[in-house]
Number of protein chains: 2
Amino acid sequence: MAFTFTILGSSSALPTSERFMAAHVLNVHERFFLIDCGEGTQMQLRRFKIKLGKLNHIFISHIHGDHVFGLFGLISTFNLLDRENDLHIYGPSELEPIIYGCLRDFYVHVNFELIFHRLDCTKSVRIYEDDKVKINTIPLKHRIPTCGFLFREQPGLPNLKKDMIEKYNIPISKREGIKEGDSFTLETGDIVPNHELVIPAPEPKTFAYCSDTVYHEGILTQIKNADLLYHEATYGRDLEKLAKETMHSTAGDAAELARKATVKKLVIGHFSARYKDLTPLLEEARSVFKNTFVAEDGKTFVV
Amino acid sequence: MAFTFTILGSSSALPTSERFMAAHVLNVHERFFLIDCGEGTQMQLRRFKIKLGKLNHIFISHIHGDHVFGLFGLISTFNLLDRENDLHIYGPSELEPIIYGCLRDFYVHVNFELIFHRLDCTKSVRIYEDDKVKINTIPLKHRIPTCGFLFREQPGLPNLKKDMIEKYNIPISKREGIKEGDSFTLETGDIVPNHELVIPAPEPKTFAYCSDTVYHEGILTQIKNADLLYHEATYGRDLEKLAKETMHSTAGDAAELARKATVKKLVIGHFSARYKDLTPLLEEARSVFKNTFVAEDGKTFVV
């Protein structure tokens, strides 16, 4: 079962020849979520062979152009491709009229259902849940209202122990019930308790997305022990002052949060275009939190 | 002196893995004009190494997203790069409030002068003139108000005949005047008439940009004898009916206009994403007008 995070754009406000702007796809067991949608997102989706028709949910962290300017073209493309599925967009309230205004101004009459979910970025709220995953917002601290997103797998069912199935010759009709907690009654009338028949399900995994934000320990409780944390690192410590002024983070800030939250893996991204070589940022982060990786357009990380 | 036309995007409404959406750069003697601005234009400018700072004039043919969605990101990028030059945007009137609305919605406070020139697409109007080039609109026929653009070089000065300069030992101080029409008086008092001293300037060249439009002979007078005609060819004759319905042209339509206008060279572009291989469209056009070429992202044509 896949639980992966793919970078479509790893740059901040300005693109470079290597890096497009913020956009990411999270695959939770073949359910695909687009997180942020910078200019060129639809081209990156094609380039990295992610089927547009699989995207039904788009999450926008905040209304800065480098996180949104790909949305209008993407909606327009969905429309031209005769999309039929509903499209759910989650973003700060102010985004709703912008989207509808843009569709009107550019003569785009969507032939599918577009459902906008207004986010209140001041507190953590459950915004989505299905049988695979539940999603909460993470209030971030940026120049304008901004949300991160916390994706937590739903607990799976335990797995059956193969040797026990064989030993007791358990019929297929009984197996689902056992996964859900049944014990098994033998022909002798003896009962085999459930815990002898199953291996507990793996712990549900968690992915946290935090962009854009200044260093903010308020998120620690939410991202605690996450399996994968994506955190912006627009700057290196050489530009710590600028990071604070613009309410962005340094690579060191991201790593410090990863360390304090004892996450398992950190991916840093949203890099300023001034950094051609990202090695210094990676080194800066790794000196604080070893298991750090650098976002790169097209790269996929396992949660 | 360069007079060239570079394709940034050769696709129509949907991008493909090879083709971005409508955007083009015309270089008239190192003055650079951006014509249409589909999503990803700023990335293509970087990719094809065209300096953003050189662009001071942007021409938008009509308000369909595939010709405009790159504009917001580009303006935002100009701003982040601390642009100081004025930026002139020429487009249908309705575009002006859209641009200002977008800048407001996305918190972009431009620190340079943005001057919008409202175009009336119902008639041909001179919209720009400097010492290198003059530009007129070409009224096109599409589903919404749409303008093409006609770029005509300003007439150059004649060139001096080298052998005459040597023969009469004409001093440098007199040469500019001769280029501008003076005759030259010898020490003997004899006068050498101007036409003996100069080679006439080359004919000013003309480039015509026509996208999007249904087949429309109304443009023939304006594009007559153009050195280079760019004409949209969204479809091939296999989809002639669809072309008419959507008010687009086929490759054959574009070629027929090129033939009737006796232009020197035709470039077709704005291709539907359904055509992976463009050979059939090129062949269709060449069977009518031989000197046809296919637009391709990054390709430059000499006018």
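Reader: Which residue in β14(B) is the bridge partner of Leu150(B)?
Author: In this predicted model, Leu150(B) has Ala208(B) in β14(B) as its bridge partner.

Reader: OK, and which strand is joined to β14(B) by those bridges, and how do the two run, parallel or antiparallel?
Author: That strand is β9 of chain B, which covers residues 147-153, and four bridges join it to β14(B), with the two strands running antiparallel.

Reader: What about β15(B), does β14(B) run parallel or antiparallel to that one?
Author: Strand β15 of chain B, residues 228-232, runs parallel to β14(B), and four bridges join the two. In β15(B), the residue that stands opposite Cys210(B) is His231(B).

Reader: So is β14(B) mostly covered or mostly exposed?
Author: Strand β14 of chain B, which spans residues 206-210, is mostly covered, since five of its five residues are buried.

Reader: And which of them point which way?
Author: Thr206(B), Ala208(B) and Cys210(B) point one way from the strand, while Phe207(B) and Tyr209(B) point the other way, and all of them are buried.

Reader: Switching topic, how many residues does each chain bring to the contact between A and B?
Author: Chain B brings 28 residues to the contact, and chain A also brings 28 residues.

Reader: Which helix of chain B gives the most to that side?
Author: On the side of chain B that touches chain A, α3(B) gives the most, with five residues. At least two residues each come from α1 (41-47), α3 (71-80) and α4 (95-105) of chain B.

Reader: And how do the residues on that side divide into nonpolar, polar and charged?
Author: On the side of chain B that touches chain A, 14 residues are nonpolar, ten are polar and four are charged.

Key: Residues numbered from 1 in each chain as written. Chains lettered and ligands numbered in written order. Predicted model: local features only at pLDDT ≥ 70, side-chain atom pairs only at ≥ 80, totals over all residues. Buried ≥ 20, exposed ≤ 12 C-beta atoms within 10 Å, placed from the backbone. Pairing = 2+ DSSP bridges. Contact = placed C-beta atoms within 7 Å. Nonpolar A, V, L, I, M, F, W, Y, C, P; charged D, E, K, R; others polar.
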